[in-house]
Amino acid sequence: MKKYLVNIKQLTGIQEDISKLKLKGKEMGILHSIDNAYLEIENGLIAGFGKMANLPEINDSETIDCSGKIVLPAWCDSHTHLVFAGTRETEFVDRINGLTYEEIAARGGGIINSAKRLQSASEEELYQAAWTRLEEIKSYGTGAVEIKSGYGLSLDAELKILRVIKRLKADSDLTIKSTFLGAHAVPPEFKGNKDGYLDMLIDKVLPIIKEENLADYIDIFCETNYFTVADAERIMEAGTKYGLQSKIHVNQFTSIGGIQAGIKHNALSLDHLEVMTDQDITDLHTSETMPTALPSCSFFLKIPFAPVRKMIDEGLAIALATDYNPGSTPSGKIPFVISLACIYQRLTPEEAINAVTMNSAYAMGISDTHGSITVGKKANLIITKEISSYNYIPYAFGGNHVERVVLG
Ligand code: NIG
Ligand code: FE
């Protein structure tokens, strides 16, 4: 049966050309829209749209009245760590009292702290907690999400997270992609033996991931005091061998060559980018990778925001995502990310919305089916409350302006 969204005040985020997979530079500043529109859904896909004046005859079809409301593609959050156990507000208070993120990690806090808690949580507990987070992000408009492992840091615990993600994929109506981030930090059991830990990830965990089909992508935290560029190359090479393209954490605190390594190994996305040299930006022009910024992480840790204004002005594509995790971004709200990008990074609302739809869909390998209003793409849609324009979404920050999310 067909369904129709009718009397839509404004249908926005339209891309006529389904073969267009990402938006670069000036293209990011345009959101194609139709005022007073309808949209037709058939078998979970967008089947047509246009002006209300051209609405086909509707017999026996379900309609949803969208008077006063804006309809746009559901957000794609291409970078999260939303399977975790326990929260870290003690570290939040430690930072208020003057400690840095790096100092807290050096004292055994940070990722290691989250890993200890996760190792003792059951698969069922992790699943239930992650399910609640999925429902929450959906209520704010997210229709597709990438979820990383990385708080396990042992064979059993990393597999436990990936199995939880696999169950979420099967049970949730959100589109989910899974990323193996075993190389998130060196666990205490491997202190002084980082190579031994990487050997274990590559020789023991990756074969099981392949056998059980537990991941779509591979990641590593390429950063001073975590993993080197050489480690990142090793992990990306191993990923390639197992059919996992890379999406890696680079340039969060220091620029050490992670971008160049990611480009060399055909990374799908390069994420964080808070600290960028001119050379890093120049090199991105030689690649099809999607540079991805995480403004709510910059906000929460009070670290620099990625220089995405400059990057877009130079003609690059940019995606934005939340980084939802217990340490650096305990929030998965894309509307807040859009506000931050507009206010602190000087993106226009059009650029920010394209960065969390088309371009973030590209960063999770689904922009052929998600991320825009295009005939043939999945009907993953946001119906807003009655708002004056899409500019209201970043302007009225912190609120939830989503009335309903339609997923397929
Ligand atoms: O993307 N930077 C590396 N990993 C996470 C945060 C890790 C944590 O503090 O738990 C991030 O920000
Ligand atoms: Fe992250």
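**Figure 1. V145 stands opposite I176 in strand β8.** This close-up comes from a predicted model, in which local features need pLDDT of at least 70, side-chain atom pairs count only at pLDDT 80 or more, and totals for chains, interfaces and linings use all residues. Residues are numbered from 1 along each chain as its sequence is written, chains are lettered from A and ligands numbered from 1 in the order in which they are written, and side-chain values use heavy atoms, with hydrogens and water left out. Strand β7 covers residues 142-148, and strand β8 covers residues 175-183. The two strands run parallel and are joined by five bridges. Strands (E, at least two residues) and helices (H or I, at least four) are DSSP runs, numbered from the N terminus. Strands of a sheet pair through backbone hydrogen bonds, either parallel or antiparallel.

**Figure 2. Eight strands form an open sheet.** The order is β6-β7-β8-β9-β10-β11-β12-β13, with parallel pairing. Two strands pair if DSSP finds at least two bridges between them. Which strands lie at the edges? They are β6 (75-77) and β13 (319-320), and each pairs on one side only.

**Figure 3. Ligand 1 is surrounded by 15 residues.** The closest are Y101, Y151, H184, Q252 and S328. A residue counts as near if one of its heavy atoms lies within 4 Å of the molecule. Look for the side chain of Y101: one of its N or O atoms is 2.4 Å from an oxygen atom of ligand 1. For H272, a side-chain N or O atom is 2.9 Å from a ligand 1 oxygen. For H249, the distance from a side-chain N or O atom to an oxygen of ligand 1 is 3.0 Å. How much of the ligand does the protein cover? On its own, ligand 1 has 330 Å² of accessible area, and the protein covers 100% of that. Accessible areas come from the Shrake-Rupley method with a 1.4 Å probe; for residues, only the protein chains shown count as cover.

**Figure 4. A salt bridge joins the side chains of D94 and R107.** The N to O distance is 3.4 Å. This pair links distant parts of the chain, 13 residues apart. D94 is in helix α1, and R107 is in the loop between α2 (101-106) and α3 (110-120). A salt bridge is a side-chain nitrogen of Lys or Arg within 4 Å of a carboxyl oxygen of Asp or Glu. Side chains of opposite charge can pair when their charged atoms come close. Are these two residues buried or exposed? R107 counts as exposed because its relative accessibility is 58%. D94 counts as partly exposed because its value is 22%. The cut-offs for relative accessible area are under 20% for buried and over 50% for exposed, with partly exposed in between (1.4 Å probe, protein chains only). The structure holds 22 salt bridges.

**Figure 5. E123 and R167 form a salt bridge between two helices.** Their closest N and O atoms are 3.5 Å apart. E123 is in helix α4 (residues 123-139), while R167 is in helix α5 (residues 155-171). The two residues are 44 apart in the chain. E123 is partly exposed at 29% relative accessibility, and R167 is partly exposed at 28%. E123, E124 and R167 are linked in a network of salt bridges.

**Figure 6. D278 forms a salt bridge with K310.** The closest N and O atoms are 3.7 Å apart. D278 is in helix α9 (residues 278-284) and K310 is in helix α11, 32 residues apart. D278 counts as exposed at 55% relative accessibility. K310 is partly exposed at 37%.

**Figure 7. F92, V93 and I96 form a nonpolar patch on the surface.** Together they have about 280 Å² of accessible area. Patches are made of residues with over 30% relative accessible area and no salt bridge; like charges are joined within 9 Å, and nonpolar side chains (Val, Leu, Ile, Met, Phe, Trp, Tyr) within 5 Å. F92 sits in helix α1 (residues 89-96). F92 is partly exposed, with a relative accessible area of 37%.

**Figure 8. L153 has a positive phi, near 60 degrees.** L153 is a residue other than glycine. Its place is in the loop between β7 and α5. L153 counts as buried because its relative accessibility is 2%.

Technical notes. A polar contact is a pair of N or O atoms within 3.5 Å; within protein, one must be able to donate a hydrogen and the other to accept it, and residues adjacent in sequence count only if both atoms are side-chain atoms.
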